[in-house]
Amino acid sequence: MGTQKKSIDEIWKELNKKPVGGSAAVGGITMLPGITSSTRTVTHNLSESIKVPEVEEVAINGGGPKKTSHYDPTKAGVSAEDVNAYMARIQRLVNCLSDPDRGTRRQAATQLQTRLLQGDASAPAPDAALLQALVCGPLLYPLVNLMQDSIEKCRTVAVEVLTLAAKKVSDLSPVMPALMVELPKLMGHLPVVEPSEEVRLQLTELAAAIVNRKDRALMEPYISELCLLLCRALEDTFHEIKKAACSCTASLAAVVSADSLEPHAERLVSALLENLKHQHSRVRLACIEALDAVIGGGCMPAGTIESLVAPGVRAIVYDRAPAVREALFVALAHWLGHEGGGPSASEGRAGEEGDSSSTKPSPSRSDQTAVAAALLPLLLVGVTDDQPPVARTALGLVESVGDVWEAQTRSATPPESSESLASPMQVDESADADAQSTSYDHAKAAEELVLQLGEPFTGRPSSGARQISHMLMPRLLPPLLRELSEWTVALRSCAARQLHTLLILAEDAATPHLDKLLPALCSAIGDEEADVAARIIASVHAVGVHVEARRWMPLVLDHLSNAKLTISQKANSLVVVAGLLHSAGRANQPLPSDMLLLLASTLISEDIRGGCEHPAVRQQLLAVSGNALRWGQSRCLEVSRQLYTLLLQLYGFEKEPAKIKAVSAAMEELASACGVASFDDLAAEHAGTVYFKL
């Protein structure tokens, strides 16, 4: 053979032989797969960097194109010589960041981290100005490229250095274009590229460091990228990432304008609402704080609070952590106009320029009413919270929201109409002389009722709280009455608690709705859940105190006389009648004579007497008669024959000594109210008439 085979060493030397000139064959060998036949060389002089384009592609070591940043170090307050001098010390480490060997890259990244963050014996860590010149200049793209390294330690170093720069440097704008391209690649799309949850946490903290600079002009061009990353972080399975994302979201909402955040607000809020189901209470608490900032900033599209937010936070009113429930109630009050607590995005924007350029109009009164109708019932649940501090906070928030609502109503109302707003709870007075009785003090009765309830009530609710409940009653009451018949205990309990608080606050505003309210109460009073039944009877007492007897008595007695009612339904209706009589009597409500006669006649009617064979009906009839006697007192003489007939019938049906004794006590109470010595004297007066009718 005429030619001698070359050794491997000789071939390798030829492959690595530097080309001569601008374009030459590599080692004289062409057409080998994976080997570029030519390369280009670019000279780089830092002192002339201002004259070249901002970003340049350079071929390094025969690889693909790499980007390099040309940043004028004088903008950071340092000279090019200082940057060159520092780079000379770390250039070898920077070069090793792209070495094919994994160990070399890891070691170089670790040493570079030590140099930049802590310094070493040869040189201290760079100050803020020098760090800005380095990160915005020669280190920018090496660090950005390192964020995609296959070694977790290298990615960690890159993110830590960039996070340090975001916290220390005065101008981060040169870094943002490259960084905002890289962050969405790593953690902005599904599936998420970054495999390490620790690095994902660091990426979220890097975004938080950028947001916490509170530089609106820096962030608003990249609001889409930031929101995309935050949505992925909120969907992450690592709870620490979720908390960091919530904190960053709250900060972002406090800095950028509402117009900028509005296109992304619904997506952020949806991601936050999903995390309200998280098992960690601190995650749920962080989500509520972030929701408060986003929604309170006024960037939500119209209708999303009613359709998205209110259903999403509803379950949290029963959260097992009191701190979470209290935070939700504070947030609800903030969304309803209360400015006293919670992180407010509007406060964060108060000092920012450009607020006057917002094109979003103020919400109309109808929009405010729709939002209040969706959120106020959730806040009312807090008034009946089982933790007294939370209940006191919720009641105070309801009153504060009412005061804001009252002030807005007054400012939007002509002066000639302001007098009508002073007492929004008034209803038409009856022409009946008893209804005009001056002995009934409604304000005093209302205060006595809430004092009987105890914590959190310490007196009659504020006029603002009464007014907002009065005005929203037509919107709030129908859904609550529907939910009283839901099949889940949680929904029925929530509706019962809301209804009770609403009736306490709205007082006699329930009058126009009695035709639907009373049948619903009669149905719900028999709930198998004791807590629900107790809330319903408390609601009945509220109606008895605040609504005139002339308004509710014909309706409830008409319902009681319905022949289609079953025995259990009649017993439940009698419980409502007894509760109304009891509370109205204790409140010293006027009892019209015609209403007393209607009550007595209904109780001895054929429809009611037919149910006396059942113990539950007899027990409630005895309660009704006793409460009527205590309310009417001497006026029961007018209906003594009807009450005598009822008690006599109850006495004849009872067999147990204890119940016979109870009926006998009611008989003596009737005799005393009629002014006779004993029931026998009353029997002597009415026995003949009753015997004749029977």
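1. Contact here means heavy atoms within 4.5 Å. By that rule, and not counting residues up to four places away in sequence, L378 touches A310, V313, R314, V317, F329, L332 and Q498. L378 is part of helix α17, residues 365–383; helices (H or I, at least four residues) and strands (E, at least two) are DSSP runs, numbered from the N terminus. L378 has a relative accessible area of 4% and is therefore buried. Buried means under 20% relative accessible area, exposed over 50%, and partly exposed in between (1.4 Å probe, protein chains only). Between the C-alpha atoms of L378 and A333, 45 residues apart along the chain, the separation is 10.0 Å.

2. The model is predicted: local features need pLDDT of at least 70, side-chain atom pairs count only at pLDDT 80 or more, and totals for chains, interfaces and linings use all residues. Residues are numbered from 1 along each chain as its sequence is written, and side-chain values use heavy atoms, with hydrogens and water left out.

3. On confidence, pLDDT is the predictor's confidence in each residue, from 0 to 100. The protein chain has a mean pLDDT of 84, with 83% of its residues at 70 or more. Residues 343–357 have pLDDT below 50, and this stretch has 32 contacts in the model beyond near neighbours in sequence. Residues 417–438 also stay under 50, and the model has 40 contacts for them beyond four places in sequence.

4. What does the secondary structure of the protein chain come to? The count is 32 helices and two strands. Of the 694 residues of the chain, 49% count as buried. Among contacts between residues at least 6 apart in sequence, 71% join residues at least 24 apart.

5. Helix α4 (residues 128–136) is largely enclosed by the rest of the structure, because seven of its nine residues are buried. The buried residues are L130, L131, Q132, A133, L134, V135 and C136.

6. Next come two helix pairs. Two packed helices are described by the angle between their axes and the distance between the axes. Axes are lines fitted to C-alpha atoms, for helices over the stretch in contact, and angles run from 0 to 180 degrees between N-to-C directions. The axes of α3 (residues 102–117) and α6 (residues 152–168) come within 9 Å and cross at roughly 20°. This makes α3 roughly parallel to α6; angles under 35 degrees count as roughly parallel, over 145 as roughly antiparallel, 65 to 115 as roughly perpendicular and the rest as oblique. The crossing of α3 with α6 is left-handed, a term used if the near helix is turned anticlockwise from the far one by less than a right angle, with right-handed if clockwise. On the α3 side the contact is made by R105, R106, A109, T110, Q113, L116 and L117, and on the α6 side by K153, C154, V157, E160, V161 and L164. By class, there are seven nonpolar, two polar and four charged residues in this contact. Ala, Val, Leu, Ile, Met, Phe, Trp, Tyr, Cys and Pro count as nonpolar, Asp, Glu, Lys and Arg as charged, and the others, Gly among them, as polar.

7. The second pair is α29 (residues 615–632) and α31 (residues 657–674), whose axes come within 10 Å and cross at roughly 25°. That makes α29 roughly parallel to α31, and the crossing is left-handed. P615, L622, G626, L629 and R630 of α29 meet K659, A662, V663, A666, E669 and L670 of α31. The contact holds seven nonpolar, one polar and three charged residues.

8. Two peptide bonds deserve a look. L190 and P191 are joined by a cis peptide bond with omega about -5°, and P191 sits in the loop between α7 (176–187) and α8 (197–211). The bond from E455 to P456 is cis, with omega near 5°; P456 is in the loop between α20 (442–453) and α21 (463–483).

9. E235 lies in the loop between α10 (223–234) and α11 (239–255) and is partly exposed at 44% relative accessibility.

10. E507 is not a glycine, yet has a positive phi of about 55°. E507 lies in the loop between α22 (489–506) and α23 (514–524). Is E507 buried or exposed? E507 is buried, with a relative accessible area of 2%. N588, also not a glycine, has a positive phi of about 60° and is partly exposed at 44% relative accessibility.
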